[in-house]
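Here's a quick look at some helix packing and a pocket. Have the model open alongside while you read.

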Amino acid sequence: MRVLVTGGNAGIGYFAAEQLASAGAEVVIGSRDPVKAQAAIGSILSRVPGAKVGHVRLDLADLGSLEPDAGVLDAVLCNAGVALDAPPRRETADGHELMFGTNHLGHFALIARLLPVLAPAARIVTTGSFAAKSARLDFADLQSERDYQPKRAYERSKLAQMLFALELDRRLRAAGARQVSVLAHPGGALDSLTPSRPPVHTRTTGAWLRGLPARLVLHGKDAGARPAVRAVLDPDVEGGRLWGPRVFGLRGRPRLEQRWANLTDDAAAARLWTESVALTGVEPLAWRRPGG
């Protein structure tokens with residue numbers, strides 16, 4: 001199995017890449033920073049002797065650059081993301097609000113370009129966020145131009161990413177495709193509960209001690225990667241399903257979850273697809289239309 005992991009050089013993406021390599025998958029780390037990607041590759045190789053892991057340059061904030069030469073892929077893990085916690089509002093190279101443009105539109109455009117060359121039964125797994133559970137899209141202000149609140153903008157960007165994954169699976173089914181689109185989320189994943197992987201991540205003893213009380217309800221990014229890894233590898237995983245941590249959706253082993261209320265709005269997902277086509281200039285599955 002050959003898997004592209006976007007943002008596989010750090011955080012949850014790194015641990016997903018390490019776990020996939022440990023399971024025997026060939027991993028391609030998608031990252032805009034080759035130095036960080038090589039550091040992640042070195043860390044994986046030091047823990048998984050004989051691992052097959054490489055790098056392809058990928059900048060989701062620059063839609064014009066999304067032509068990765070990753071070869072034939074059996075799975076894509078859409079994991080990379082940006083989270084800002086303070087103003088000012090920032091934009092991508094294409095003029096889109098940075099979080100919406102990177103987290104959602106970047107992956108939308110990437111998948112549009114990869115779908116024609118994915119393996120016939122490929123799996124597309126999207127890493128959402130528990131933070132999106134109470135979010136609502138504002139189609140009159142999708143990119144937070146009128147009212148920019150970083151936390152809310154992030155939550156909406158992740159909700160958009162998750163709705164796209166569900167709409168993609170519906171359209172794949174309608175097209176008679178064998179490829180599937182699956183959702184996962186990491187629950188509550190903290191750096192202080194994450195094991196060290198220098199130079200990718202270093203946890204001090206003090207940080208570990210300070211994070212111990214949170215272990216009752218949260219976990220580290222290594223555990224947070226497991227629902228996505230399960231969604232990539234488990235042969236029984238079905239499209240359009242949501243995988244998350246077992247304990248209150250915040251920590252623990254992966255399990256199937258019911259879709260959150262805001263993930264059941266098929267009309268919003270279809271409208272978001274149309275808006276995303278207009279914003280990116282590309283459309284996933286357009287090549288499958290008769291005469292297309």
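At what angle do α4 and helix α8 pack, and how far apart are their axes? This is a predicted model, and in it the angle between α4 and α8 (residues 266-280) is about 95 degrees, with the axes 9 Å apart. Angles of 65 to 115 degrees count as roughly perpendicular, so α4 is roughly perpendicular to α8. On the α4 side, the contact uses Ala160, Leu163, Phe164, Glu167, Leu168, Arg170 and Arg171, and α8 brings Asp266, Ala269, Ala270, Leu272 and Trp273. Sorted by class, that's eight nonpolar, no polar and four charged residues.

| Helix pair | Angle | Axis distance |
|---|---|---|
| α3 (residues 98-114) and α4 (residues 150-174) | about 15 degrees | 7 Å |
| α4 and α8 (residues 266-280) | about 95 degrees | 9 Å |

α3 and α4 are therefore roughly parallel to each other, and their crossing is right-handed. From α3, residues including Phe100, His104, His107 and Ile111 meet a set in α4 that includes Tyr154, Ser157, Gln161 and Phe164. The contact of α3 with α4 splits into 10 nonpolar, five polar and one charged residue.

Then there's the largest pocket, with a volume of about 1000 Å³. It has 40 lining residues, and Ala10, Asn79, Ala80, Gly81 and Val82 sit nearest its centre. α3 and α4 turn up again here: along with α1 (11-22) and β2 (26-31), they each give two or more residues to the lining. α1 gives the most, with four. By class, the lining has 16 nonpolar, 17 polar and seven charged residues.

Key. Residues are numbered from 1 along each chain as its sequence is written. This is a predicted model: local features need pLDDT of at least 70, side-chain atom pairs count only at pLDDT 80 or more; totals for chains, interfaces and linings use all residues. Side-chain values use heavy atoms; hydrogens and water are left out. Axes are lines fitted to C-alpha atoms, for helices over the stretch in contact, and angles run from 0 to 180 degrees between N-to-C directions. Angles under 35 degrees count as roughly parallel, over 145 as roughly antiparallel, 65 to 115 as roughly perpendicular and the rest as oblique. A crossing is left-handed if the near helix is turned anticlockwise from the far one by less than a right angle, and right-handed if clockwise. Contact means heavy atoms within 4.5 Å. Ala, Val, Leu, Ile, Met, Phe, Trp, Tyr, Cys and Pro count as nonpolar, Asp, Glu, Lys and Arg as charged, and the others, Gly among them, as polar. On a 1 Å grid over the protein atoms alone, a cavity is a set of points where a 1.4 Å probe fits but cannot get out, and a pocket is an open set with protein on both sides within 12 Å along at least five of seven lines; lining residues have an atom within 4 Å of a point. Grid points are joined across faces, edges and corners, and a volume is the space filled by probe spheres set on the points.
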